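This briefing sets out selected features of the structure shown below. The points are grouped by topic for reference alongside the coordinates.

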Amino acid sequence: MGRQVLVIEDEPNIAEAIKFILTRDGWRVATHPDGASAMAAVQRLQPDVLVLDLMLPGLSGLEVLRLIRAHPDLAELPVLMLTAKGQERDRQAAQQAGANLFMTKPFANAEMLSAVRGLAGL
Amino acid sequence: MPFNLLVLASLAYVIFLFLVAFAAERRAERGAVGWLRSPLIYTLSLSVYCTAWTFYGAVGYAARSGLEYMTIYLGPTLVFVGWWWVLRKLVRIGRQQRVTSIADLLSSRFGKSNLLGVIVTVISVLAATPYIALQLQSVTLSFGVFASATPDGWAKPDSDVTSIWVAAGLAAFTILFGTRNLDANEQHTGVVTAIAVEAIVKLVAVLAVGCFVVWGLADGPGDILARVDASQMAEWHMQPSRWTGLIFLSAAAVICLPRMFQVLVVENSDERHLATASWAFPLYLMAMSLFVVPIAVVGLELMPEGSNPDLFVLTLPLSQGQGGLAMLAFLGGFSSATSMVIIAAIALATMVSNHIVMPFWLRMRPARVVSGDVRRLVLLSRRLSIGAVLALGYAYFRLSGGSEALAAIGLISFVGVAQMLPAMIGGIFWRGATRVGAAIGLTLGVSVWFYALFLPSFGADAVISARMMAEGPFGISWLRPQALFGVDGMDPLIHALFWSMVLNTGAFCLGSILSFPGPVERVQGAAFVNVFDAEGTGPRGWSRGQADAEDLLVMTQRILGDDDSLGFFEAQARAQGKAGYLPDPTPDFIDRLERLLAGSVGAATAHAMISQLAGRAAVSVEDLMAVANEAAQIMEYSARLEEQQGELTRTARQLRDANEKLTQLSVQKDAFLSQISHELRTPMTSIRAFSEILTEGDLPAEMVAKYGGVIHAEAKRLTRLLDDLLDLSVLENGSVQLNLDLTNLRDMIDRAVAASSHTRPERAFTIHRDLTSEDMFLRTDSDRLTQVFINLISNARKYCTADAAELRIVVRHKAGRVTVDFIDNGTGIPKDKQDLIFEKFARLTDQTRAGGAGLGLAICREVMANLGGKIGYLPGQWGAAFRVTLPLRLEKAA
């Protein structure tokens, strides 16, 4: 019985790649393409690790993260923030909003795998 | 003279007039107004005062009543010589307030009240009806004269048939040239020019007949004087009351007649023309009246007993075998009649449509003013009104039997329109005049006129029984129509004039003193009475910010059409220091817009329409203070301050805009880099992840194929993005190589439609085009232009939200510039986003999946700048709309 990861990412190809990498490692992977309803998806799935893109339609990744951190049950949820912008400012903003880890696109597959494993405490 | 020849000649003459009007209209359209708007044409057009009544009737009048006919010329002469006092003020007010008719003037002055507009319109139509009948009668009679004079057995034409043909022909001519377009100024260059030509024809005709009579039939002026002494005319005695009354009457009529108001005020293009007309028009009148007495005297002498003196101008040359001269006289009379009917019909139709049809239509659909094409409605109602006015005239002609002396009918009309005089003069000289006073005065005056003069004019026992005439209604003797209040033995005309004017003026003054004017009325009153002091700084009635500029634009387009409205809005926005088509809805702007619309649909209607969008007109305390403040110096000083302040505000606004733009630019630069980074890294992420997956091997063949496909697609996306970026940077630097050639616009649109059909091919998508208007050759870079078209059509295919998506492509060509509009039927783009969409990476929705990086419109904008044109969002359409403007022939920059 593997652990659950939720990938919130609007680019279908990237979501598919992450899903493939993690599934091969034994994770159960769910994907969600939209920011506005992201919070509901998190509450429904109760994942062990959340992979969250910064630029999302509806609600930005930062705002989704703030909602998650404001929720008492989810305050401790490990979150990996992804961004394609790669500026230092974005990294700081993500940390302030409560991201556990920050990763710039494009990433190496191994890097992604180890980051998710590390967040799950494996 | 054969009757057929006569018909042919009149037809040829009408066609000639038609060509004159057409040529003048074409010339004016090309902007080459020149002499078309000169003092000479203006003065000649004023001669619509001289109708068939003057042309034929004056001689009859002289034969019956001696020199009394002179009064009809003396009144206008006095008014024109004294133009400085009344006419100048009327013209100035008319131009400043964009008055469309006399009904509009009164309604606008008295608080934009439509009630007054309706009253005045009804009076005008009632009063004009006998007058129009008179013109029909004179044309019919003159046809009859020729027919009966032919010895070789031409059957006398049926007068009913003749008159109905004449009425229908005049209606057609008037509709054709009077309602061709809904002009903001309500001026009709073509018609006015044709009228001026007719003025010359009638003058030449009268002079020719006169010379023939004086030197051909008599032995010069001396002989004529001797004959006058010998005739019964020498026995005639002047009646002072009738003279004064008639001079007053014709003076009033020359200002109040709707057709005179039309040529005098509405069609006036330059106030200075009035100075010329002030001496030239009396001169024209004098020339017209010069030979009246000689013709009358010689006619009475030579013509058989009992022949109609009204037709001497025609019958005298005819009886002497002067067929050609008679023909000229006939054309002169024909000119007099047609010019009057045409102008009167235009003036009355404007009133009916602006004060009766439009308000009624507005009341019927109070919710949304903007739906439906008001323009077509206004034009249609004018055309129908013209038909109706002529039909009324024809009906009166049939009813009254067409047998009375011409002059008598004309005077009845004069008394009717003179009822507007107190309200009009009071309105422009007396600030205390109120709507209540004007309404009561008008109603009372018209009632008296109707009862004491108009109804009895149908003849004994026609409408009012002979018994009632003699004993009064129900035997009340002081209500006898021609002896009101027991005043017996007065001339019926003077009697009606006297009582109607006394009661009218009395009620007007009393009502004005006893009632209290409303705020709008006060403001308008001050604007009218002080028209010369407060030039251009009219008080404003609108409060800021309630109206939406786009709603106003949509409404204006329904009335004035797209081009004029967009032009006006763009100019106003520029004056405020803003780019684009939408100015801020400041009180000043709304006020200007209201006046512009008033020029087309009248003050009351324009006011009502804007009220629906802008909320009620609020007259602020400051406005009232400004109105109350009589000290011209303070006004002037504050006007100057205001002007300076306006200038400062504009500069400040431009500075603020510039500053904002600079700040935005720096923010944009950061955002742009960040955006590029994002747009490049996103496809790269997929490519890297999947290529790593593929390198690791161990995958089923179909997965390999699928992931290979992803890599391929993302690589393509990357390339496209790089292409766009490079394209954009080349375009922005202006270092782009343009390949100019001559290409047909239709081919380019064809290519663009075909190329964009790959975008969302599964969607039903209809494109409406007008192939003939697209058929023109442009000298431009056809590939680049097609690229812009492809972009716009693809965008419509992608983003148009309608279920059955449609795109309209409209091409127009004007003065070397070509505009191509792309208008879809979706929800359009919200106003705050309309400027944004042309920025790089601007995507309104978060649907990144729609493809493209958001550079399309930015590229279009740069392409158009390179092609010497522009692309902009076109507000005020139903869906999203883009307008591409470019020169027909692009010259290569040296």
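In helix α4 of chain B, the buried residues are B:T71, B:I72, B:Y73, B:G75, B:P76, B:T77, B:V79 and B:F80. The model is a predicted one.

**Chain B: overall content**

- Chain B contains 34 helices and seven strands.
- Of its 894 residues, 46% count as buried.
- Among chain B contacts that link residues at least 6 apart in sequence, 80% join residues at least 24 apart.

**Chain B: enclosed helices**

- Helix α4(B) spans residues 71–81, and eight of its eleven residues are buried, so this helix is largely enclosed by the rest of the structure.
- The cover over the buried residues of α4(B) includes α3 (52–65), α5 (87–96), α11 (240–256) and α13 (273–289) of chain B.
- Helix α23(B), residues 519–529, is likewise largely enclosed by the rest of the structure, because eight of its eleven residues are buried.
- The buried residues of α23(B) are B:E521, B:R522, B:V523, B:Q524, B:G525, B:A526, B:F528 and B:V529.

**Chain B: packing of α6 and α19**

- Helix α6(B), residues 102–109, and helix α19(B), residues 421–429, have axes that come within 10 Å and cross at roughly 50 degrees.
- This angle makes α6(B) oblique to α19(B), and the crossing of the two is left-handed.
- From α6(B), the residues B:L105, B:L106 and B:R109 meet B:A423, B:M424 and B:G427 of α19(B).
- By class, the residues of this contact comprise four nonpolar, one polar and one charged.

**Chain B: packing of α31 and α33**

- Helix α31(B), residues 745–756, packs against helix α33(B), residues 782–799, at an angle of about 45 degrees, and their axes are 8 Å apart.
- The angle makes α31(B) oblique to α33(B), and the crossing is right-handed.
- On the α31(B) side, the contact is made by B:M748, B:I749, B:R751, B:A752, B:V753, B:A755 and B:S756.
- On the α33(B) side, the contributors are B:S782, B:L785, B:T786, B:F789, B:I790, B:I793, B:S794 and B:R797.
- The residues of the contact between α31(B) and α33(B) divide into nine nonpolar, four polar and two charged.

**Chain B: strands**

- Strand β4(B), residues 805–814, runs antiparallel to strand β5(B), residues 817–824, and eight bridges join them.
- Within this pairing, B:L807 has B:D824 of β5(B) as its bridge partner.
- The two strands β4(B) and β5(B) form a hairpin with two residues between them, and B:A815 in the turn has a positive phi of about 50 degrees.
- Strand β5(B) is also joined by seven bridges to strand β7(B), residues 881–887, in an antiparallel arrangement.
- In β7(B), B:P887 stands opposite B:R817.
- B:D741 is found in strand β1(B), residues 740–744, and counts as exposed because it has 12 C-beta neighbours inside 10 Å.
- B:D741 and B:R779 are 38 residues apart in sequence, while their C-alpha atoms are 5.3 Å apart in space.

**Chain A: the sheet and its helices**

- Chain A has an open sheet of five strands in the order β2-β1-β3-β4-β5, with parallel pairing.
- At the edges stand β2 (28–32) and β5 (101–104) of chain A, each with a single partner strand, so one side of each lacks a neighbour in the sheet.
- On average, neighbouring strands of this sheet are turned by 20 degrees against each other, direction ignored.
- Strand β1(A), residues 4–8, is joined to β2(A) by five bridges and runs parallel to it; the bridge partner of A:Q4 in β2(A) is A:R28.
- Helix α1(A) packs on the sheet, touching β1, β2 and β3 (49–53) of chain A, and its direction makes about 170 degrees with that of β2(A).
- Helix α5(A), residues 109–120, lies across β1, β3, β4 (79–83) and β5 of chain A, running at about 135 degrees to β3(A).

**Contact between chains A and B**

- In the contact between the chains, 17 residues of chain A meet 17 residues of chain B.
- Helix α1(A), residues 12–24, supplies the largest share of the chain A side, four residues.
- By class, the chain A side has eight nonpolar, five polar and four charged residues.

Note on methods:
Residues numbered from 1 in each chain as written. Chains lettered and ligands numbered in written order. Predicted model: local features only at pLDDT ≥ 70, side-chain atom pairs only at ≥ 80, totals over all residues. Contact = placed C-beta atoms within 7 Å. Nonpolar A, V, L, I, M, F, W, Y, C, P; charged D, E, K, R; others polar. Axes fitted to C-alpha atoms, helices over the stretch in contact; angles between N-to-C directions. Parallel < 35°, antiparallel > 145°, perpendicular 65-115°, else oblique. Left-handed = near helix turned anticlockwise from the far one by under 90°. Buried ≥ 20, exposed ≤ 12 C-beta atoms within 10 Å, placed from the backbone. Pairing = 2+ DSSP bridges.
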